[in-house]
Amino acid sequence: MTTTAGGYQPGSPLPHHVGEVIVEARGIEKYFGRNHVLRGIDLVVRRREAVMIIGRSGSGKTTFLRCVNFLEEPTAGWVEIDGLHVEAAPLHARSRAHQEQIRQVRLRAGMLFQEFNLFPHMSVLGNLIEAPTRVRGIRRDEAVATAEKYLDQVGLLDKRDEYPARLSGGQKQRAAIARALCMEPKVLLFDEPTSALDPELIGEVLHVMEELAHEGTTMIVVTHEMHFAREAADRVVFMEDGAILEQGPPEQVLNAPKDDRTRNFLRRFLED
Amino acid sequence: MSARTSEPPSRIVELVEESQRRARKAFRLKAAATWIALIGGLFLVLWLTHNIDTAWIEEWWQFILIGAPITIFLSVTSILIASVLAIFGAMGRLSRNPYVFGLASFYVSLVRGTPLIAQIIFIYLGLPQLGITLDPITVGIVALSFNYGAYMTEIFRAGIQAVPRGQREAAEALGLPERLVMRRIVLPQAFRIVIPAVGNDFVAMIKDSALVSVASAQELLWRAERAGTRTFHTLQAIIIAAAVYWILTIVFSYFQERLEQRMARGDR
């Protein structure tokens, strides 16, 4: 049984809640030096879809996510986000035209990091309005209103004027999510957003992410949180050795994996 | 066992703390007494060798001390210009443009590879042969800025590189263009990292500014030397100048340490 690169069976109906294609990545290859870490990844993500990428560390899932918004320049392949098509250009990665295309991609894709990466020299509000005012050219009062809306959504309105150093890890990651939302991206990319958090703080971040998923935010999440994937994912993608081995609805991939290696990974993971 | 002499543990902790406090106080007192003895000894030697001439001091102290604000002016102006040079130097040293990198690394190598006094003489006596004549204070500012700018280029470069990579990535992921990533995200954080080192350089510059006396800039050392040689009181004059430099560095080092402590405490 084969699945299409989009993750759905050929001919089978799409889940009714998903919309048009937002992210399409084709033939993504990545070498670090001579090390072949991504071996031709194809992935299609549709509007309102929450796709979770799982796999052991070193399988290339984070590298793939970073290739989607060109924090890593793919060695080959192309990415299309909301109709903007960008080819990998490893030989001309620094060219002005390519950099501008990449910037346009990034305006469509918000990114969340393991280490949050809030700007420590700006207040929470400063973090949130920096890009809207300086990149999008939105008036400051409008940007503040938007920022407050999203801070409220992640439950941090009272931390508006705090500096990041005064926030807990969970609060930092939620502020980072609000910062990404302020740019009104078409898709959110999460790179192991809870891996740097103390166990008791993971829940509050996953809760915010789950709400976003249920509201229909398009997202690609690299995660080790299997329970979260089961609850919030529309589709789970299992990666190993730089390739997608298996993908489908969470109950299928997580409960009845077809591939031995997926089964192996899940067994070891659930034992831990 | 010896229940009669044993104290409760909380009392023992108090006693230990009390004796430690006393030991620290005694240490500081003895160290201060050593300083006073050394300074007193120095004065005694000068007095016994008839080298303290109060009439001379009364006549000349103002002439020498006017050099202090000039020294401070030289140092403050030069550290500010040097900082600006260092920002551009550091960005040049990190540039992907080979010409810009070449220019910046040439500047740093040339300046760090030649003596400051040679640079001062070059600007003071060499440039006029090329038709460029500057007044002595300007010579001093140009030489000190240029020299410290090169050393501080390396400080700023290290500061920029010490900003975590994730900061740059987060800014890029938000769509900030490269120029804004540098100006809004990287440089402000790099500044906080380099402030203690810049303060350190400032204190060093107060002393190095004495070298511009060879260009006849009428700062502290030049005045002391002039006052001393004219009246054969060089020993006294130079001691006065040295004392003023010493006091200036103690004062600015104190502020610099305070600043460093505040920076070390982290974000607010």
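**Figure 1. Polar contacts and salt bridges between chain A and chain B.** In this predicted model, six residue pairs, with both partners at pLDDT 80 or more, are in polar contact across the interface of chain A and chain B. Three salt bridges are found across that interface as well, and one of the residue pairs joined by a salt bridge is E178(B) with R94(A), whose side chains meet at 3.6 Å, taken from N to O.

**Figure 2. The elements of chain A that touch chain B.** On the side of chain A that touches chain B, at least two residues each are supplied by α2 (96-108), β6 (109-112) and α3 (124-136). The largest share of that side comes from α3(A), which provides four residues. Sorted by kind, the residues of chain A that touch chain B comprise 14 nonpolar, three polar and seven charged ones.

**Figure 3. Extent of the contact and the residues of chain A that lose the most area.** The contact draws 24 residues from chain A and 22 residues from chain B. About 2,100 Å² is buried between chain A and chain B, and carbon and sulfur atoms account for 59% of this area. Within chain A, the residues that lose the most area to chain B are F119(A), H121(A) and R134(A), which together make up 25% of what that side buries.

**Figure 4. Helix α1 of chain B and the residue that follows its end.** Just after α1(B), the backbone at H50(B) takes a positive phi of about 55°.

**Figure 5. Confidence of the prediction.** For chain B the average pLDDT is 90, and 96% of the residues score at least 70. For the complex, the predictor gives an ipTM of 0.91 together with a pTM of 0.84.

Technical notes
Residues numbered from 1 in each chain as written. Chains lettered and ligands numbered in written order. Heavy atoms only, no water. pLDDT = per-residue confidence, 0-100. Contact = heavy atoms within 4.5 Å. Buried area = accessible area lost by both parts, 1.4 Å probe. Salt bridge = Lys/Arg side-chain N within 4 Å of Asp/Glu carboxyl O. Polar contact = N/O pair within 3.5 Å; in protein donor to acceptor, adjacent residues only side chain to side chain. Nonpolar A, V, L, I, M, F, W, Y, C, P; charged D, E, K, R; others polar.
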